[in-house]
Amino acid sequence: ILEQTPAQKQVLLFSATISKSIYSIASNYMDKPEEISAGEKNKGADNVSHEYYIVSPEDRFEALRRILDSISDVYGIIFCRTKKQTQELSDKLKHFGYEAECLHGDISQNIRTKIMNGFKRGQPKLLVATDVAARGIDVNDLTHIINYNPPDQEELYTHRSGRTGRAQKSGVSVSILSPSESGKVKRMENKVGKEFEHKKVPDGSRIIEKKIDSLVEEVKNASMDDQEWEKHLSQAVSKLGNMKKEDLIKRFTAVALKDAMKDQGKQDINSEPTSKKKPSSKEEGKVDIKINIGKKHRLDIKDFFSLINSCGHKEKIDIGRIKMLPTVTIFSVDEEKADKVIHGLQGRNLKGVRISAGRK
């Protein structure tokens, strides 16, 4: 677009943060540009606190559920990396009874407007979005930003966390990290100029305690003004009036929290940063990808690299350990390129097999 504009013009660029690529555009298409900074560069809001949890990748969703259940009245945005992850996470949250909707590039403008109008009214309380889809969202009352996946670029963390703590209100930015992602903490701290608090995902018993506290507050604040209700409640009183008060409280609590008691896991799912863990076969800074083709399909190393090279990546993909099993192959790549590799492999055909790829 800039190449097609007149030679004589005034050009101004505006951004909350300015990446190296934007500086490159400025140097190519602007004549001795001056930079004006309002406030400190990439400085996080003073009234936003930052915390992070470390869990194994397979426990990420369980960690999210426990974190949400430990917050009394959450109203926020959950960030994912890809459209697919956004849709899948939104669907899973709904399945478990959470009020959630999602925004991504495949959502039509009409649906987006409907979702956003509801979200601004607090219905739903949770919005799951990609960074691109969340652009332009302006809501002052958000209590939490949750990084279900940390951003690939630290600059994006400032964008995300800055969506809470607005209008002199406090907010919390939460990051759920795998052990291999824990190195991002220091870089994100440097970007926002604040120290992050490492917190432990609460176990199931702590969640139950929190739910009981919420139930007690809800019961104490319940309105008794409705005369129509009074007629039906009198019926309950007549049938349960002979029970001891303590037994009645226990039974009503057990009924109200039946699903939570049954559903909430009690095991400790917290993990340690990679630097604190014992050495493992997984390489630092890499993640494992699994594809549904292996030795049984007569796959050899030459076929494997031909498949990787056919994905159309412009930059070099550094492949780490490769493990060929009968029906699947597992290999490691740099974390920041994992989603690109998965996207490039998805749906390709090799030896009569339609490739399906995903993080292990």
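Okay, let's start with the sheet: four strands, open, in the order 9-10-8-13, with antiparallel pairing. On average, neighbouring strands here are turned by 25 degrees against each other, direction ignored.

Before I go on, the caveats. This is a predicted model, so local features need pLDDT of at least 70 and side-chain atom pairs count only at pLDDT 80 or more, while totals for chains, interfaces and linings use all residues. Residues are numbered from 1 along each chain as its sequence is written, and side-chain values use heavy atoms, with hydrogens and water left out.

Helices (H or I, at least four residues) and strands (E, at least two) are DSSP runs, numbered from the N terminus. Two strands pair if DSSP finds at least two bridges between them. For angles, axes are lines fitted to C-alpha atoms, for helices over the stretch in contact, and the angles run from 0 to 180 degrees between N-to-C directions.

Back to the sheet. Strand 10, residues 329-334, pairs with strand 9 in the antiparallel sense over four bridges. Those two strands form a hairpin with four residues between them. Within this part of the sheet, Met324 stands opposite Thr329 of strand 10. Then there is strand 8, which runs antiparallel to strand 10 and is joined to it by six bridges. There, Val287 stands opposite Val333 of strand 10.

How many of the residues of strand 10 are buried? Six of its six, so the strand is mostly covered; buried here means under 20% relative accessible area, exposed means over 50%, and partly exposed is in between, with a 1.4 Å probe and protein chains only.

Now, which helices lie across these strands? Helix 11, residues 301-309, lies across strand 8 (286-291), strand 9 and strand 10, and runs at about 130 degrees to strand 9. Helix 12, residues 338-345, lies across strand 8, strand 10 and strand 13, running at about 160 degrees to strand 13.

Let me zoom out for a moment. The chain's secondary structure comes to twelve helices and 13 strands. Of the 360 residues, 39% are buried. Take contacts, meaning heavy atoms within 4.5 Å, between residues at least 6 apart in sequence: 75% of them join residues at least 24 apart. The accessible surface comes to about 22,300 Å², and 50% of that belongs to carbon and sulfur atoms. Areas come from the Shrake-Rupley method with a 1.4 Å probe, and for residues, only the protein chains shown count as cover.

As background, most residues other than glycine have a negative phi, and most peptide bonds are trans. Lys32 has a positive phi of about 45 degrees although it is not a glycine. Its place is in the loop between helix 1 and strand 1 (48-54), and Lys32 is exposed, at 75% relative accessible area. Arg298 also has a positive phi, near 65 degrees. Arg298 is in the loop between strand 8 and helix 11, and at 62% relative accessibility it counts as exposed. Then there's a cis peptide bond joining Gln123 and Pro124, with omega about 10 degrees. Pro124 is in the loop between helix 4 (109-120) and strand 4 (126-129).

Leaving aside neighbours within four places in sequence, Arg60 is in contact with several residues, among them Tyr148, Asn149, Ile176 and Glu181. Glu189 is in helix 6 (residues 184-192) and counts as buried because its relative accessibility is 10%. Not counting residues up to four places away in sequence, Glu189 touches Lys194, Glu195 and Phe196.

Last stop, the surface. Leu13, Ile18, Ile22, Tyr23, Ile25 and Tyr29 make a nonpolar patch of about 460 Å². Patches are made of residues with over 30% relative accessible area and no salt bridge; like charges are joined within 9 Å, nonpolar side chains (Val, Leu, Ile, Met, Phe, Trp, Tyr) within 5 Å. A salt bridge, in turn, is a side-chain nitrogen of Lys or Arg within 4 Å of a carboxyl oxygen of Asp or Glu.
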